[in-house]
Amino acid sequence: MLTSIHRKQRRSNQFCWVPLSKLHISHYVARRHLLYKEIIEHKAFARIGLLGNPSDVYYGRSISFSLGNFWASVKLEPSDDLVIKPHPFHDLVHFQSFDHLANRLHNEGYYGGVRLLMAICKVFYKYCKDNKIALHSRNFTMSYDTNIPRQTGLSGSSAIVCAALYCLLDYYKVRHLVKVEIRPNIILSAEKELGIVAGLQDRVAQVYGGLVYMDFSKEHMDELGHGIYTPMDIDLLPPLYLIYAENPSDSGKVHSTVRQRWLDGDEFIQSSMKEVADIAVEGRTAILEKNYSKLAELMNHNFDLRRRMFGDEALGNINIEMVEVARRVGAASKFTGSGGAVVAFCPDGPSQVELLEDACQKAGFSIQPVKIMPSRLNDVDAKTLSN
């Protein structure tokens, strides 16, 4: 009995249709099923720096958590060639006019996610090669999507890189060979390839998921090459709120002068940064004890120290106004990262939340209840942990 699946066979420089046998058909179906089963997709969520940031870049400490409101996803599927697919919106290269191009670049910038995917592929390959981790030779096509608002200090770039790293770990079946503590370093190395200025805090939160206390003390960084990361129970946190602007500042420029002053031994910057790191230590105790009035105090103090170090010009008027809008109704507030979004806590409960929502609406800011994602580590990951 003839089937509807045929193949071409060359005969005397001509093609003729030859029926496929049942063996050919079963092999074809099995191969297609295998390819389908091998499609891998991972999400990495945005993150909020709750306390201690930006001391993570200065051998400090911090507490962060993964934010379920926004995420990046990466899909990897087997293919004949290795292909990095541009995103139809974030990597746009087709424009209707000069006006369209100019406005697009002004609002969205020059960079999409393709460069991030290429960078993590390069860094992952080098890491495996340097550490004698064998990789199979099959190629793949990698694509991404994201709904993390741009320039909001919610770690949108590192989310794409993190999701891609997890796809690579699973596609090459080497998750058990790459320690969890090292993965944030791999992600950061990929971003450094592109000149992105950042610290490990964001990548740790996205690799671990959940709520994490991080100690980046110099002795740990020098001895281990990474910090000490301690997961905490997400149910210990009170309800929190995310405030962000539709027209945020460029978070990549905020660290610049402070970093150089710290390197130069500026006493004010160094002592202030140590004070910021100590806030995370106090905050960990406050969270464990559910001392939310202390938590509110520490959140406000964290921002006040940042403002003293960086100055209003570096932080930007819109960013400062987001913090002030929350404070005017009695809520505690601070940056989630380097600017563009704020995390707020209303210690007086629902009535205060309503006041905050009204104030944000009048000021033109978006506000959402924070959704904290649980740990993303599985049993294989847990076995790679040092402790």
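Me: What is the relative accessible area of Gln151, which is partly exposed?
Reply: In this predicted model, Gln151 belongs to the loop between strand 6 and helix 4. Gln151 is partly exposed, a term that covers the range between buried (under 20% relative accessible area) and exposed (over 50%), judged with a 1.4 Å probe on protein chains only. The relative accessible area of Gln151 is 26%.

Me: What kind of model is this?
Reply: Residues are numbered from 1 along each chain as its sequence is written, and side-chain values use heavy atoms, leaving out hydrogens and water. Local features need pLDDT of at least 70 and side-chain atom pairs count only at pLDDT 80 or more, while totals for chains, interfaces and linings use all residues, since this is a predicted model.

Me: What is the phi of Gln151?
Reply: Most residues other than glycine have a negative phi. Gln151 is a residue other than glycine, yet its phi is positive, with a value near 55°.

Me: Where does Lys132 lie, and is it buried or exposed?
Reply: Lys132 is not a glycine, although it has a positive phi of about 55°. Its place is the loop between helix 3 and strand 6 (140–146), where strands are DSSP runs of E with at least two residues and helices are runs of H or I with at least four, numbered from the N terminus. With a relative accessible area of 76%, Lys132 is exposed.

Me: Which residue does a cis peptide bond join to Asn53?
Reply: Most peptide bonds are trans. Here the bond is cis, with omega at about 15°, and the second residue sits in the loop between strand 3 (40–51) and strand 4 (61–78). The residue joined to Asn53 is Pro54.

Me: How far apart are the axes of helix 3 and helix 4?
Reply: Helix 3 (residues 114–130) and helix 4 (residues 156–171) pack at an angle of about 45°, and their axes are 9 Å apart. That angle makes helix 3 oblique to helix 4, because oblique is what remains after under 35 degrees (roughly parallel), over 145 (roughly antiparallel) and 65 to 115 (roughly perpendicular). The distance between the two axes is 9 Å.

Me: Which residues of helix 5 meet helix 3?
Reply: Helix 3 and helix 5 (residues 183–193) have axes that come within 8 Å and cross at roughly 125°, and these helices are therefore oblique to each other. From helix 3, the residues Ala119, Ile120, Lys122, Val123 and Tyr127 take part, with heavy atoms within 4.5 Å counting as contact. In helix 5 they meet Ile186, Ser189, Ala190 and Glu193.

Definitions and conventions: Axes fitted to C-alpha atoms, helices over the stretch in contact; angles between N-to-C directions.
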